[in-house]
Amino acid sequence: MEKQTPLTEALFYILLSLRKPNHGYGIIQEVEGLTEGRVVLGPGTLYGAIQTMAARGWIRIYSEETDSRKKKEYVITEMGRYVFAEEKKRLEELLHNAEKMEEGTW
C-alpha cells in the first residue's frame, strides 16, 4: 500500500466531514464551520481532492440526484476511516512530543 500520510489539511477535513453523507457545498460549509473560517475550500481544491480520494478508495459516492444538477453525496469508506485514524494517531504523537518538550519531561 502506498504511503497514505501525512494528509494535507484539506484532505483531513474533507474526510472528517464525510463521516456522514455530504455533498460538495455541504463539505465546504462544514469545514469552514469546524475551523471557524480559517480553512475555506475552493471548488477546485474540493473536487480535485474528491477525485483523488475516490480513486484511492477513501470515499465513495453515496447517492446521486438525477435532476439536471446531478448533485452527488459522498461518504468515507473503511479504507478512508483507516487512513484518517492513522493520520489522527500521527498528529496525536506530534502533540504529545511537543508537550513533553515544553514540560521538560523528555
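Visitor: How many bridges join S2 to strand S3, and which way do the two run?

Guide: Five bridges join S2 to S3, which covers residues 72–76, and the two strands run antiparallel; strands here are DSSP runs (E, at least two residues) and helices are DSSP runs too (H or I, at least four), numbered from the N terminus. This is a predicted model, in which local features need pLDDT of at least 70 and side-chain atom pairs count only at pLDDT 80 or more, while totals for chains, interfaces and linings use all residues. Residues are numbered from 1 along each chain as its sequence is written, and side-chain values use heavy atoms, with hydrogens and water left out.

Visitor: What is the bridge partner of Ser63 in S3?

Guide: The partner of Ser63 is Glu73.

Visitor: And what is the order of the strands in the sheet?

Guide: The sheet is open and has three strands in the order S1-S3-S2, with antiparallel pairing, where two strands pair if DSSP finds at least two bridges between them.

Visitor: Which strands stand at the edges?

Guide: Strand S1 (22–23) and strand S2 (59–64) do, each with a single partner strand, so one side of each is left without a neighbour in the sheet.

Visitor: Switching to helices, at what angle do H1 and H3 pack?

Guide: Helix H1 (residues 9–17) and helix H3 (residues 43–56) pack at about 75°, with their axes 10 Å apart; the axes are lines fitted to C-alpha atoms over the stretch in contact, and angles run from 0 to 180 degrees between N-to-C directions. The two helices are therefore roughly perpendicular, a term that covers 65 to 115 degrees.

Visitor: Which residues meet there?

Guide: On the H1 side Ala10, Leu11, Ile14 and Leu15 meet Thr45, Leu46, Ala49 and Met53 of H3, contact meaning heavy atoms within 4.5 Å. By class, that contact has seven nonpolar, one polar and no charged residues, with Ala, Val, Leu, Ile, Met, Phe, Trp, Tyr, Cys and Pro counted as nonpolar, Asp, Glu, Lys and Arg as charged, and the others, Gly among them, as polar.

Visitor: Which residues are buried in H2?

Guide: In helix H2 (residues 24–34), Gly24, Gly26, Ile27, Ile28, Glu30 and Val31 are buried, that is, under 20% relative accessible area with a 1.4 Å probe, protein chains only. The buried residues of H2 pack against H1, S1, H3 and S3.

Visitor: What about the chain, how many helices and strands are there?

Guide: The chain has four helices and three strands, running α-β-α-α-β-β-α from the N terminus on, and of its 106 residues 34% count as buried.

Definitions and conventions: Parallel < 35°, antiparallel > 145°, perpendicular 65-115°, else oblique. Buried < 20%, exposed > 50% of the residue type's maximum accessible area, 1.4 Å probe, protein only.
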